[in-house]
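Hi everyone, thanks for coming.

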Amino acid sequence: MLVLEDGRTFRGRSYGAVGRTVGEVVFATGTTGYQETLTDPSYHRQVVVMTAPHVGNTGVNGEDDESSRIWVAGFVVRDPAPRSSSWRATGELEDRLELEGVVGICDVDTRALTRHLRERGTMRAGIVSGAEAARPEDELRAEVVRHPAMAGSALAGEVTTSEPYVVRAHGDPIGRVAAVDLGIKGTTPRRLAERGLEVHVLPASSTFADVQAVRPDAVFLSNGPGDPATAEHQVALLRQVLDARIPFFGICFGNQILGRALGLGTYKLRYGHRGINQPVMDLSTGKVEITAQNHGFAVDAPIGEELRTPYGRARVSHVGLNDQVVEGLECLDVPAFSVQYHPEAAAGPHDAAYLFDRFVALIRDTQTGKDGAR
């Protein structure tokens, strides 16, 4: 049984591990990429509802994980595939869920559930199976309500790397990036390395001195879970980066942190953006790109106006076409920009890959400026 915070319940069959779990229930609209979703640290403490009706068709494999484990708190699907059908599959999805202790439910009307969340907003929910499902519904709902809400939760420290590590550049390195891991997906440093950047991935607790010790040509802040209003340490770090005029690029959580560093506010979206089919317009070019997203918070900033910040002028660079949410920020007087989505394109699409090239160009421009100054 799936028990929502507002009292609504859905019954189905156990899928994955048997037991109980609680988290914020959200829906993801991608028609593929469930393995990347499950292993994305940004989904930590969330119960994910797949809106695509058939899940598990391609099984699981050893190549598509975005981290070393599954992070979702629970998994909700309508029709699980009875067996996988893909030459890349090395196992079945349900077996993987069971192995990692992920409690799930299937044979649920995910369309009705998604419509409910769209109208009522994301909320806490629990999944119970086996003997747990025999407990009274009121008792289960009370347990769900006692679970911490996502608003006010600081979670980056729970998903970050425990030790720094390096992803070597492909070919001769053109620069070095200090990437602060707030819940980074494995594809992201690989995309940077493909462009000749040596990536030093650092824990979320890293100080400005830790960043400087890498001697970076640029700084990157990754995606990650939790409420950006709790990220005081990372906001302070980024302000030091901006003061030092080190080129900066942030995605998802990193975009929200840039917004806060510039003096802007953040707020919780009603049901968020999750999936690989989210349309965004680049306001500088007018080009529309289809993007991969996973966020429940957004930056509060006026669109179409030049912003005055402690670091000079800035503007909203990208906007979501479904609901006009801020999807990117650009500083005009310091070398910094960010987007709210995932240009690493795991599991696609690839429309936003140019942003990594833009980051490289920003690094090269800054390097050229330093050379000229000398």
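Let me start with a word I'll be using: a contact, or touch, means heavy atoms within 4.5 Å. This is a predicted model, so local features need pLDDT of at least 70 and side-chain atom pairs count only at pLDDT 80 or more, while totals for chains, interfaces and linings use all residues. Residues are numbered from 1 along each chain as its sequence is written, and side-chain values use heavy atoms, leaving out hydrogens and water.

Let's begin at I257. Leaving aside residues up to four places away in sequence, I257 touches L182, L221, A231, Q234, V235 and L238.

Buried means under 20% relative accessible area, exposed over 50%, and partly exposed in between, with a 1.4 Å probe and protein chains only. The largest such core has 36 residues, and L238, L242, I257 and L258 touch the most other members. Which helix gives the most to this core? That is helix 8, with five residues. There is also a second, separate core of 24 residues, including V199, F249, V360 and L362.

For C252, the nearest cysteine sulfur is that of C331, 18 Å away. C252 counts as buried because its relative accessibility is 2%, and C331 counts as buried at 7%.

Notes:
Core = buried A, V, L, I, M, F, W, Y, C linked by side-chain atoms within 4.5 Å. Helix = DSSP H or I, 4+ residues; strand = E, 2+ residues; numbered from the N terminus. Disulfide = S-S within 2.5 Å.
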